[in-house]
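We will go stop by stop.

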Amino acid sequence: MRNKGAIWTLAIALMLVCIYQLSFTLVTYKVRKDAKNYALSITKSTDGKLDSLGLKISDRYLDSIASENVYNFLWMKKYTYRECQEREINLGLDLRGGMNVILEVSTVDVLRSLANYSKDTTFNRAIALARQQQKASNEDFVTLFGRAFESINPNAKLGSIFTAQELRNEISYNTSNDEVLNILREKANDAISNSFEIIRTRIDHFGVAQPNVQRIEGGDRILVELPGVEEKERVRKLLQGTARLEFWETYENSEVVRSLVEANDLIKELNKAGGPKIAAKSDEPTMTSTPDDTTKKEEGEEIALLEQIEADTSAAQDSLAKKAMDEEMPLFVVLKPNVTQNWEPLPGSVFGRVHYKDTAKTNQYLQLAMQKDLFPSDFKYLWSAKPIQDPETRKPTDYYELHAIKITGREGRPPLTGDVVTRANMQFDQMSGNAEVSMSMDATGTTAWARITRENVGRCIAIVMDDYVYSSPRVNEEIPTGSSSISGDFDTKEATDLANLLKSGTMPAPANIVQEEVIGPSLGKQSINSGLKAFLYAFCAIWLFMIFYYSRKAGVVANIVLLFNIFFLIGVLASLQLALTLPGIAGIVLTLGMSVDANVLIFERIREEVLTGKGIRMAISDGYKNALSAIIDGNVTTLITGIILFVLGTGPVKGFATTLVIGICTSLFTAIFLSRLVFEILLDRNVVLSFATKVTEGFLKKTSFDFLKNRKVFYVISGAVIVIGVVSLFTRGLDAGVDFSGGRNFIVQFDKPVNNLVIGNSLEPLLGTEPTVITFGTADKVRITTKYKIDSDDPNIDEEIQGLLYQGLQSFLPEKTSYEVFANTYLQGTQKIGPTIADDIKRQSSWAMLIAIGMMFFYIFMRFRNWRYGMGATIATFHDAFFVLSLFSIFYGFMPFSMEIDQAFIAAMLTVIGYSVNDTVVVYDRIREYFTLHPKRDKGEMMNAAINSTLSRTIITSLTTLLTILILFFVAGETIRGFTFAMFVGVIVGTYSTIFIATPVVYDSIKKKI
């Protein structure tokens, strides 16, 4: 074997990287375990479980050590707990519970605002037509609008419609329609980007650990994932709330320093006297999430226990000197004043810096001081929107700034709001070359801005969004024209973000929830348990099968390689910071079965070489060499489907595709190279190797079935099933899930088994139509599906529907069950798919299927240089897809589990396509080999010989894959049961088509040529 050293180097390097990445997960697991044990010791729990108070104590403990070093990697680099969290394996929401939301920013509202809400008939008809066309198109809305506008009135000018103040310098009556559309597209994109930044900032302040906020590429949608969140209504209002851009006058830091000193003295005296503690007002900004309401007694117990945590932490970590400072300067321990070492106030509106974990206590202290009138009556404070950056690295620190705001408007209103801004752009200063922001205002804003800047020369003006300060530039001179330049230590991104923020005041782009999924913590825990069980059972089954079929030594080698494969797969997931989901675990389990395929190909080829009389070393060498092309071709076809799933899929489908793609790559490396290295070591040590047991030695060897002779019989059988399926598709149709039809799913857990029909009847009067109710796993858990008001944009509609559910299900719940208990205990998960999302999913799924089949044809055509092979594989692929669709149409409603057509089903179909072509390519590869070796022999004879010679590989691979799928079906839970059933049927049908359809089709096409 060549290049052993390079392979060893790569394997060891990959192993070390995986160990390094996975070590963070072990560290965070240990820290969380310590936090749990600490909470148990405080609450005196005897059953080892944490109640709501225990969970709060555990969270407080973790929060207190977030910035402390908990891991020293090889004594070279230290990592804080937060840094370890950022590097650990990230669990998806379906495994740890939480809320997944897709928001759609309304481009229509952006265009309407830029057109000054024009009543022009052509404009409004074009908007309506574009909205209709958007359901069946992947193009952006502005493009569709432009095309619709031109089709309605080819001579109309867009420049005459888009006359908003901010467009006057860019669009005139003579501006061409194409130029106007380009400007509109840029404005719409700016609005979406700004909405994204606002939502991300809101989520950062919400107090959720490891949130994920990302803009979905190429569209107007934003994905938000919030692990462990329980306040669903608060999140919905937070995400869909209207942003408020404001300009505030400020106090100078020097004007509030004395008040801070007096506040510190007051708090010191109150602490010495043991005075009452003042709780933070609910309407004041805070950097932590608001806890649920409890009774006064529970509140007192929680406060006492949480204070004990602080005392314990302080006792363990603080020195005597620090304790003395705590007593003398309690305010300045948590609030670092913005002063020099000599206590000279620094210029600006910032009067303090606070660590994020001290924000709640700082709020309490400052509110107490304000209640005692230690600050001016027109004073209020606001937090900075983002943490302070390190001046050298420009990375965010753990500290936030406090700004001193002066209230000069009536009823506490800001003197100026963002609706007066007509233009804001990032530009570069001509003298210094630094990034800055230019801003212009309308006539009303110009007048107010002139007064504000005239009265505040030398002072700062705070730019505020949602009660958080984004910037506080100093006024150098009066600005009478309304055109301003904001300069500072900006980089390009910061200046662009500020410009987008300023533009948001005139560009209403509301974000509406079009897709939502809420998974309760208990459902997430069930998913973890079922996923781990499925993995362990599948691994043990494959381990035993390989030893049974290929002998102890060869089987153990294959299993060791399988262990490394899974280790590398999980290590790569951790390295790329990809979330592990339940479908992802299903992908890992499926990888167990499919990764065996490469070993089976190699081992079967080695057995063939041994039967020709070759020595074991030569047989192994030739076996690896001759099996390589089939391994590459087979895995590339599956890899193609995985990539298509990853690119076009979302949510769980993307999670499955991620593990599938990574698993294929690690399987190739471990099967082709690592297993070969192990065999070389064993051979060098003169270990006697065998690749069969006495029971399996002759299994499917030297078979001589004439598969082509009866091909027309199998054509008829397949055709009959497909015809029946087509009839069923036209008469019964398919059971379209909410992914394709739109609607809401609710998973409800009851205390005892319930009757689905009775539940549906009890909800029908409330929801207008009878919802679909099916058993979800066990008889005491159901999934309720309804389309009630699915088109409504009312932000309170979700709460309304859950209220109706509670009303209709009260007779099935324990007596006196409150709505809060129902929503937090019995309602374990919700899902919402809006109509626009459903249309997009249908369109993407259709494209995914067509692209996958087209890619299969192209790849096989390129590899075999013969269109007949591509045609045979394509026909077999269509055969498999229609076969599975037919069975789902015929049997839905009769099977004891859901057979819905959803995204997971499409993922299963694409995987089946890849798997089927994988099987087919192995046979084609052997046909090509036989045609090369025996060019003058009968083609049909060679094809039959190729099918027979690969029959053992085809059957064994199918058996191992089916074994893992069966385990997934029975163990992994109801969530992916329909997916696994489609996979199960698909693998059986794919194996059948490989033998009885794909090759016979090629034979018939070659026969006609002859």
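Two residues are in contact when they have heavy atoms within 4.5 Å of each other. Keep that cut-off in mind on this tour. One more thing before we start: this is a predicted model.

**The whole protein**

Show everything as a cartoon. The protein has 32 helices and 23 strands. Of its 1010 residues, 53% are buried. Now think about contacts between residues at least 6 apart in sequence: 75% of them join residues at least 24 apart.

**Stop 1: the largest core**

Select Phe 603, Phe 905 and Tyr 924. These are the residues with the most contacts inside the largest nonpolar core, which has 131 residues. Next, colour helix α29, residues 903–933. Helix α29 gives the most to this core, with 17 residues.

Now move to a second, separate core. This core has 28 residues, including Phe 149, Leu 158, Leu 184 and Ala 188. Here is a general pattern to remember: in soluble globular proteins, nonpolar side chains tend to be buried together.

**Stop 2**

Select helix α1 (residues 4–43) and helix α18 (residues 552–575). Their axes come within 8 Å and cross at roughly 55°. That angle makes α1 oblique to α18. The crossing of α1 past α18 is left-handed.

Show side chains where the two meet. On α1, the contact residues include Ala 11, Leu 14, Met 15 and Cys 18. On α18, look for Phe 564, Phe 567, Phe 568 and Gly 571, among others.

Now select helix α24 (residues 756–767) and α25. Their axes come within 9 Å and cross at roughly 135°. Are α24 and α25 parallel or oblique to each other? They are oblique. This crossing is right-handed. Ile 759, Ser 762, Leu 763, Leu 766 and Leu 767 in α24 meet Leu 804, Leu 805, Gln 807, Gly 808 and Leu 809 in α25.

**Stop 2: Glu 252**

Select Glu 252. You will find Glu 252 in the loop between β7 (245–250) and α10 (257–273). Is Glu 252 buried or exposed? Its relative accessible area is 12%, so Glu 252 is buried.

Glu 252 and Ile 405 are 153 residues apart in sequence, yet 9.0 Å apart in space, C-alpha to C-alpha.

Now show what surrounds Glu 252. Not counting residues up to four places away in sequence, Glu 252 touches Pro 347, Gly 348, Gly 458, Arg 459, Cys 460 and Arg 474. Draw two distances here. A polar atom of the Glu 252 side chain lies 3.1 Å from the backbone nitrogen of Gly 348. The Glu 252 side chain also makes a polar contact with the side chain of Arg 474, at 3.4 Å.

**Stop 3: two serines**

Select Ser 106. Ser 106 sits in the loop between β4 (98–105) and α5 (107–114). Ser 106 is buried, with a relative accessible area of 14%. Its side chain makes a polar contact with the side chain of Asp 109, at 3.1 Å.

Jump to Ser 818, in the loop between α25 (797–809) and α26 (819–826). Ser 818 is partly exposed, because its relative accessible area is 28%. What does the side chain of Ser 818 reach at 3.2 Å? Show the backbone nitrogen of Val 821. Then pick Tyr 806: Ser 818 is 12 residues from Tyr 806 in sequence and 8.9 Å from Tyr 806 in space, C-alpha to C-alpha.

**Stop 4: two positive phi angles**

Most residues other than glycine have a negative phi. Our last two residues have positive values.

Select Trp 343, in the loop between β8 (335–337) and β9 (350–355). Trp 343 has a positive phi of about 65° although it is not a glycine. Trp 343 is partly exposed, with a relative accessible area of 37%.

Finish at Asn 686, in the loop between α21 (652–684) and α22 (711–731). The phi of Asn 686 is near 60°. Asn 686 is exposed, with a relative accessible area of 69%.

Note on methods: Residues are numbered from 1 along each chain as its sequence is written. This is a predicted model: local features need pLDDT of at least 70, side-chain atom pairs count only at pLDDT 80 or more; totals for chains, interfaces and linings use all residues. Side-chain values use heavy atoms; hydrogens and water are left out. A nonpolar core is a set of buried Ala, Val, Leu, Ile, Met, Phe, Trp, Tyr and Cys residues joined through side-chain atoms within 4.5 Å. Buried means under 20% relative accessible area, exposed over 50%, partly exposed in between (1.4 Å probe, protein chains only). Helices (H or I, at least four residues) and strands (E, at least two) are DSSP runs, numbered from the N terminus. A polar contact is a pair of N or O atoms within 3.5 Å; within protein, one must be able to donate a hydrogen and the other to accept it, and residues adjacent in sequence count only if both atoms are side-chain atoms. Axes are lines fitted to C-alpha atoms, for helices over the stretch in contact, and angles run from 0 to 180 degrees between N-to-C directions. Angles under 35 degrees count as roughly parallel, over 145 as roughly antiparallel, 65 to 115 as roughly perpendicular and the rest as oblique. A crossing is left-handed if the near helix is turned anticlockwise from the far one by less than a right angle, and right-handed if clockwise.
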